[in-house]
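Work through the exercises below with the sequence and the coordinates open. Each task is followed by a solution in steps.

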Amino acid sequence: MTNKKLYESMTEELTVTDITTRESQKIAIGNAKTVLRTSFENRNPKKYPFEATVQSGLYQRKTLIYEVELENVLPSVMEEEEINLLIRNTTQKIGLNRYFKDEDGDRLVY
């Protein structure tokens, strides 16, 4: 954008629609003055239509709808080892990240 004053006063949002349920969610887009940024966490690998809206006062524009296919690689086992715990009124801690990894960098919850 060449009009910095207009650009800095804009609010932006991303509309993501689940094509299976037809539910849409609106996600705020951060305005970092020279770049617009947001993130979307998909729970199921599939195609999603994305549409962005920017506005400032009476000025409003929408992008074309882009269909994006998001994939998710399942976590894999790095090391198979039997884990035996003996419980004696103490807390046992085991670092499970040693045994599993996620190629997509998703946070693993055990």
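**Exercise 1.** Is Lys-47 buried, partly exposed or exposed?

Solution. The model is a predicted one. Lys-47 has a relative accessible area of 37%. Glu-67 counts as exposed, at 53% relative accessibility.

**Exercise 2.** Identify the residues of the largest nonpolar core and the elements that supply them.

Solution. Seven residues make up this core: Leu-14, Val-16, Ile-27, Ile-29, Tyr-48, Phe-50 and Ala-52. Two or more residues come from each of β1, β2 (24-31) and β4 (46-56). The largest share, three residues, is that of β4. For one member, Leu-14, the contacts beyond four places in sequence include Ile-27, Ile-29, Phe-50 and Ala-52. In soluble globular proteins, nonpolar side chains tend to be buried together.

**Exercise 3.** Describe the surroundings of Thr-15.

Solution. Begin with the location: Thr-15 belongs to strand β1 (residues 11-17). Its relative accessible area is 10%, and the limit for buried is under 20%, so Thr-15 is buried. With Phe-50, 35 residues apart along the chain, the C-alpha separation is 5.8 Å. With Lys-26 there is a polar contact between side chains, at 3.3 Å.

**Exercise 4.** Which residue meets the side chain of Glu-13 in a salt bridge?

Solution. The partner is Lys-26, at 3.8 Å from N to O. Glu-13 lies in strand β1 and Lys-26 in strand β2, 13 residues apart, and the pair links distant parts of the chain. Glu-13 is partly exposed at 28%, whereas Lys-26 is exposed at 57%. The structure holds four salt bridges; another of them joins Glu-103 and Lys-101 at 3.1 Å, N to O.

**Exercise 5.** Locate Arg-22 and comment on its backbone.

Solution. Arg-22 lies in the loop between β1 and β2. Its phi is positive, about 65 degrees, although Arg-22 is not a glycine. At 72% relative accessibility, Arg-22 counts as exposed.

Terms used. Residues are numbered from 1 along each chain as its sequence is written. This is a predicted model: local features need pLDDT of at least 70, side-chain atom pairs count only at pLDDT 80 or more; totals for chains, interfaces and linings use all residues. Side-chain values use heavy atoms; hydrogens and water are left out. Helices (H or I, at least four residues) and strands (E, at least two) are DSSP runs, numbered from the N terminus. Buried means under 20% relative accessible area, exposed over 50%, partly exposed in between (1.4 Å probe, protein chains only). Contact means heavy atoms within 4.5 Å. A polar contact is a pair of N or O atoms within 3.5 Å; within protein, one must be able to donate a hydrogen and the other to accept it, and residues adjacent in sequence count only if both atoms are side-chain atoms. A nonpolar core is a set of buried Ala, Val, Leu, Ile, Met, Phe, Trp, Tyr and Cys residues joined through side-chain atoms within 4.5 Å.
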